Amino acid sequence: MIHWGHWFGNMKVGLSLNGGAARGLIHLGAIEELENSRVPINMIGGCSIGAMIGAMYALTPNVEHVKRQLFAFLEDTKDQVIPVELVGSDSGKERRSLLRKITHSLRLSIYYGISLAQVSLLSTEQLKENIAKVIPDADFSDCKIPFVCSATDITNNREYYFTKGSLLDAVTTSCSIPGLYPPVLHDGVQLVDGGWSALHLTEKLREMGAGFVIAVDIQQDIKEQKFTSGLDVVLRSNMAARNVLGNEQLKRADAVIQPDTCGVSWWDFSRAKECFVGGKEQTNKQIKEIKQKIRSARLKSFFK
């Protein structure tokens, strides 16, 4: 007797998580809903904040565990992602929470051009030290779910993928936002944040054996903006180029989850919980459709 469920179940499902800093908590909400709905996640690919959350889940595929770790990290005032001297003039008051530090400091550094006067505002060591609080210095082989993350090779102008070696080093590199953190020298090339070349790892996941790819997209919609400086134009142009690239990569996914980012800026970690709920709710709206698409893809794969 043929067990059809066994045959249909052989197709692997890949999950692609793109970058977006504070909006990354959308990914965690989506993963929770997929997990609760028993949608299989057989491999994960991510860039930037998507790499961080993807690596945490790949190491320990339990969304409650990851959620506790991540929210505790974000709320811990001892976690100093941004130097104290950039926080502001109220140093005599109670120390700002991590969320307020990030919000205030990045506004100063990016929108007022502090980082333009030097290669980077912060160091790779600072970034790695903080990511290490949620991701141990484990090897890719320690992941319970196969994992891959992207970086951008600015030596050869192409995407770069990490599939082996130190998980902490790989995620740190994938999160190295240009201007905020310096390029990372690795394998003879200089690497920065993966979001500048491979926002979605749809094709890479297929290379790894995924027969169905779900992409969670947290790119912010581009809205009308009044430009007051040349820097505004540069930042907007950069955003436009990345959106075009991301949309092309999204076309190769079988299902796309795109929650409304509600105008959440990439530096505004104070809205992390709101993003988490948004990711969960949008995934819930699409879960029946996603399951149906997976069943259809499995059936087509079987008869091929």
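## A hairpin of two strands

Strands E3 and E4 form a hairpin with four residues between them. In the turn, asparagine 157 has a positive phi of about 55°. Helices (H or I, at least four residues) and strands (E, at least two) are DSSP runs, numbered from the N terminus. Two strands are said to pair if DSSP finds at least two bridges between them.

The model is predicted: local features need pLDDT of at least 70, side-chain atom pairs count only at pLDDT 80 or more, and totals for chains, interfaces and linings use all residues. Residues are numbered from 1 along each chain as its sequence is written, and side-chain values use heavy atoms, with hydrogens and water left out.

## Strand E3 and its partners

E3 covers residues 147–153 and pairs with E4, residues 158–162, in the antiparallel sense through five bridges. Strand E2 (residues 43–46) runs parallel to E3 and is joined to it by three bridges; isoleucine 44 stands opposite phenylalanine 147.

How many residues of E3 are buried? The strand is mostly covered, with seven of its seven residues buried. Buried means under 20% relative accessible area, exposed means over 50%, and partly exposed lies in between (1.4 Å probe, protein chains only). Phe147, Cys149, Ala151 and Asp153 point one way from E3, while Val148, Ser150 and Thr152 point the other way, and all are buried.

## A covered helix

Helix H3, residues 49–59, is mostly covered as well: eleven of its eleven residues are buried. Among them are Ile49, Met52, Ile53, Met56, Tyr57 and Leu59, together with Gly50 and Gly54.

Against which elements do the buried residues of H3 pack? They pack against strands E1 (12–17), E2 and E3, and against helices H2 (25–36), H4 (63–75) and H7 (167–174). Contact means heavy atoms within 4.5 Å.

## Salt bridges

The structure holds eleven salt bridges. A salt bridge is a side-chain nitrogen of Lys or Arg within 4 Å of a carboxyl oxygen of Asp or Glu. Side chains of opposite charge can pair when their charged atoms come close. One of these salt bridges joins the side chains of lysine 280 and glutamate 32, at 2.9 Å from N to O. This pair links distant parts of the chain, since lysine 280 lies in helix H10 (residues 272–303) and glutamate 32 in helix H2, 248 residues apart. Lysine 280 is partly exposed at 24% relative accessibility, whereas glutamate 32 is buried with a relative accessible area of 6%.

Lysine 204 and glutamate 207 also meet through their side chains in a salt bridge (3.5 Å, N to O). These two residues are separated by about one helical turn because they are three residues apart in helix H8 (residues 202–207). Lysine 204 is buried, with a relative accessible area of 18%, while glutamate 207 is exposed, with a relative accessible area of 62%.

The side chains of aspartate 254 and arginine 206 form a further salt bridge, at 2.8 Å from N to O. Aspartate 254 lies in the loop between helix H9 (230–250) and strand E8 (255–257), arginine 206 lies in helix H8, and the two are 48 residues apart. Aspartate 254 is partly exposed with a relative accessible area of 29%, and arginine 206 is partly exposed with 27%. Salt bridges that share partners join Glu32, Glu33, Glu64, Lys67 and Lys280 into one network.

Threonine 283 lies in helix H10. Is threonine 283 buried or exposed? At 0% relative accessibility, threonine 283 counts as buried. Leaving aside neighbours within four places in sequence, threonine 283 is in contact with Ala30, Glu33, Leu34 and Ile257.

## The chain as a whole

The protein chain has ten helices and eight strands. Of its 304 residues, 51% count as buried. Among contacts between residues at least 6 apart in sequence, 76% join residues at least 24 apart.

The chain exposes about 14,800 Å², of which carbon and sulfur atoms supply 51%. Accessible areas come from the Shrake-Rupley method with a 1.4 Å probe; for residues, only the protein chains shown count as cover.
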